[in-house]
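Let us read this structure together, one feature at a time. Keep the view open as we go.

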Amino acid sequence: MRRETQNILLVLVGGALLKISLNGTYLQYVKPSHRYWLIGGGLVMVLLAGISIARELFARAPHEHDDGDHEGHDHSARSAWLLILPVLTIFLIAPPALGADSVRADASNRAATTLSSGADDRMLFSPLPAGDPLPVKLSDFAARAAWDSGNSLDNRRVRLTGFVVVDGQNTYLARLSITCCAADALPVRVRLDGPRTTGYQNDTWLNVTGTLRPGSATEDDDYVPTLSATELTKIHQPEDPYEH
Amino acid sequence: MSADPPSRPESADLTDAPELATAPGGSVAVADVAAGPGKRRYRVGSLEVLCAILVIALVGQGNLVSWLDAPMLRTGATVFVAVCVQALPFLVLGVLISGAIAAFVSGKVLERLLPRRQALAVPVAGLAGVALPTCECAAVPVARRLMRQGVPTSVALAFLLTAPAINPVVLVATSVAFPNNQGMVLARLLGSLATALVMGWLWARFGKAEWIIERALRRLPEPDGRSRWRMFFETARADLVDAGGFLVLGGLIAATLNVAVPRHWVDALGQQVVLGVVVLAVLALLLALCSEADAFVAASISGMPLLPKLVFLVVGPAVDVKLFALQAGTFGRSFAVRFAPATFVVAVVCAVLSGLLVFGGAG
């Protein structure tokens, strides 16, 4: 592959990283703090390609050992063609954040399990702050429902944010939790119970207010808690679709 | 000028004859002529191919999006972009360090920094890896650069294995993911360090230089003052182009397996330690998670003893499909097909021993 082509590919990849980091869509793929890595990485890529392009434009005559390092063109870097794949995927397809498909593929509440002690023992969670209804992360809610020996959720009205997953007869509110990127996403789900909890499409984002049904989130229901939902509001997908 | 002659004249139009790039002033027309020596006929070069791909992709965007509408493909595309986007900035950091070593750190300085005896230099390099708190993608170009600066291969490989596995960021993440089992941090540290040292020593004893492709080892001329910066930029750029494609390939494989390998059957393993060790070792190989995140994924598997989870954490940063693609591209295939399986076995054994030592059993 010619150097010009390599440089254009680098500009495209760097540009793709800059685009998603500046318009906010990077949150569909990676954690928020990765933004600065993306901006830095994208800028360096564009810069490295730019310097190479500028040198080729302004160099008067080719001379030996021009580059010091010849590995870029000693051999045909055919593998570099693959760099076009993420560029095309980002610019043309712009894949959406993971949603109901990923949750249905994995039935257990993994994001809550990471907050537990690792064994099936109950443990004492820190007390919840004041607030009614109290906004709680879905993974935190599911972990407390299953393993909090202090029963901090009893008689508390909470507000949960997530997307709808319809699985069989049940409607769930679900969310994915990521550490680094979408490849390590862990699902968490809460069963919705109440008169107006049916008829929603998969991946519909909702704010749901309700209380934990006592006696749910045990081994019998795979530690999936049930929320007696009183109020459901459709919302747009949050800027950051994942919990962390 | 160039070391290897254009051995495939029939494919020179696509892959470029080596002498093309050494004519920086060359315009597209000049380069096209050069592709077929002596011929004036117009040949299709890589630039034209790139333009054609872009135009076709733009025109076919609607079709492309509708083809990818199946749930598995949609999820796969998201994971693919996520892996690439996650890893590329770390690769950029790696090639910058590699470029800086090439341009500003002479081989003599490195020789003086490292103990003369390889058996001692391996642990020193292994511990130096702790200072590079990034994912494995950054360590690969740096390790290759160290080899090219004359550092013994075994020493560079020890660095390659420890840098992603036992840096402070990873250890803190492990501690957060296993709040009630702080022994996990120590066990991970011991297991990963042991893996790196054993692999370094094994290479020093049995490794052969000819397994690594020649260009990964070729020494560079020492740059003089003025050309240092030019060398820095060109080395970093060339390393990036070189490794970037293989990183994408690794991301593609990892994304496919991520979607195709169902996670729920891992839960069914329960308390079976031996089976758990085998399955989680293979899972670490296939999922290719970044080393900051793997502890949380391991912690999310319920009802399993600590030992298989430890194996997952020690194997993952040492060898996985993404890393294999990157290593095959950087050091050559005949290196990768020997190094990766050996690392896998050594990592599993080291993790099990370290786990038995720290947990006093399966945990």
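Q: What radius of gyration does chain A have, and what would a compact globule of 244 residues have?
A: The radius of gyration is taken over C-alpha atoms, and the globule rule is 2.2 Å times the number of residues to the power 0.38. For 244 residues the rule gives a value near 18 Å, but chain A has 24 Å. Its C-alpha trace spans about 80 × 35 × 30 Å along the principal axes. This is a predicted model: local features need pLDDT of at least 70, side-chain atom pairs count only at pLDDT 80 or more, and totals for chains, interfaces and linings use all residues. Residues are numbered from 1 along each chain as its sequence is written, while chains are lettered from A and ligands numbered from 1 in the order in which they are written.

Q: How many helices and strands are in chain A?
A: Helices (H or I, at least four residues) and strands (E, at least two) are DSSP runs, numbered from the N terminus. Chain A has 7 helices and 7 strands.

Q: Which residues of helix 4 of chain A are buried?
A: Buried means that 20 or more other C-beta atoms, placed from the backbone, lie within 10 Å of the residue's own. In helix 4 (residues 84-93) these are Pro86(A), Val87(A), Ile90(A) and Ile93(A). An α-helix has 3.6 residues a turn, so residues three or four places apart point the same way.

Q: What do those buried residues pack against?
A: Contact means C-beta atoms, placed from the backbone, within 7 Å. The partners are helix 1 (3-23) of chain A, plus helix 4 (61-67), helix 5 (71-104) and helix 12 (228-260) of chain B.

Note on methods:
A residue is buried if 20 or more other C-beta atoms lie within 10 Å of its own, exposed if 12 or fewer, and partly exposed in between; C-beta atoms are placed from the backbone. Two residues are in contact if their C-beta atoms, placed from the backbone, lie within 7 Å.
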